[in-house]
Amino acid sequence: MVTVRLFGMTKSLAGNQSALSFDLRNGRRVKDLVEQVHAGYPMIGELIHKKKILVSVNHEIAHEDTEVRDGDEIALLPPFAGGSPMEQTLVDDSQLVRVQREDFSLDAEISRVRSRSKRIGGIATFLGTARDRSRGRDVDGITFEHYEGMAQKKLREIRERALKEFDVIEVLILHRYGEIGIGENIVLIVVGAEHRAEAFRACKWAIDELKQITPIWKLEHTPEGEVWVEEHP
């Protein structure tokens, strides 16, 4: 038996279950698992076949021939939605990539990046906040769900790629989860570089990439009910 974790709208399609169990005695590859998912939950299976829902094995996106072993961590991933107030002179790298419930201080997070190098001459930031209207609907509040472990891993990958592919000195990426009120902070990207042009380029790339590959899902609370947001502009 293998256990498959569910997130976002997949939980709703499975009757509000957070996990499903399957017997793979007749096949040990992802395609065998998908067949069983489709048999028991055809709406989910159809979305997998349309690539609207991805399968991950051990925090990596899998393909149909990926082998599934006992003890593997498997999850179905629907489309992604996509701190301490004290200043610190010495910053642990783990503080530069975080997924946390509590709010954060913009000034404190910028200071984390500034403290990394005296060569930093330009800092670009992106701050995402919760708005009260989305896709023509009024929004009362938002809940963000994330895939613990995989979300942090993908954010670290984004930071490492930004440092490698752009002429920048430091990158900080922070995303909140849980219930978030209208007007509150959600996500923050801070990029420090010698010059502003590269800081701006890396900051825009990082937030765009975050929306594409990070397993974080957005549930909007509206007067008409709750809505999972599949795409994030």
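Begin by selecting Gln-17, which sits in the loop between helix H1 (9-13) and strand S2 (19-22), where helices (H or I, at least four residues) and strands (E, at least two) are DSSP runs, numbered from the N terminus. The model is predicted, so local features need pLDDT of at least 70 and side-chain atom pairs count only at pLDDT 80 or more, while totals for chains, interfaces and linings use all residues. Residues are numbered from 1 along each chain as its sequence is written, and side-chain values use heavy atoms, with hydrogens and water left out.

Gln-17 is partly exposed, with a relative accessible area of 31% (buried means under 20%, exposed over 50%, partly exposed in between; 1.4 Å probe, protein chains only). Show the backbone oxygen of Ala-14 as well, which lies 2.8 Å from a polar atom of the Gln-17 side chain.

Next, select His-146, found in strand S10 (residues 141-146), which is buried with a relative accessible area of 11%.

Now display the open sheet of 4 strands, ordered S12-S10-S14-S15 with antiparallel pairing (two strands pair if DSSP finds at least two bridges between them). Strand S12 (178-181) and strand S15 (225-229) stand at the edges, each with a single partner strand, so one side of each is left without a neighbour in the sheet. Within this sheet, S10 and strand S14 (residues 216-222) pair in the antiparallel sense over 6 bridges, and Phe-144 can be picked out opposite Lys-218 in S14.

Technical notes:
A polar contact is a pair of N or O atoms within 3.5 Å; within protein, one must be able to donate a hydrogen and the other to accept it, and residues adjacent in sequence count only if both atoms are side-chain atoms.
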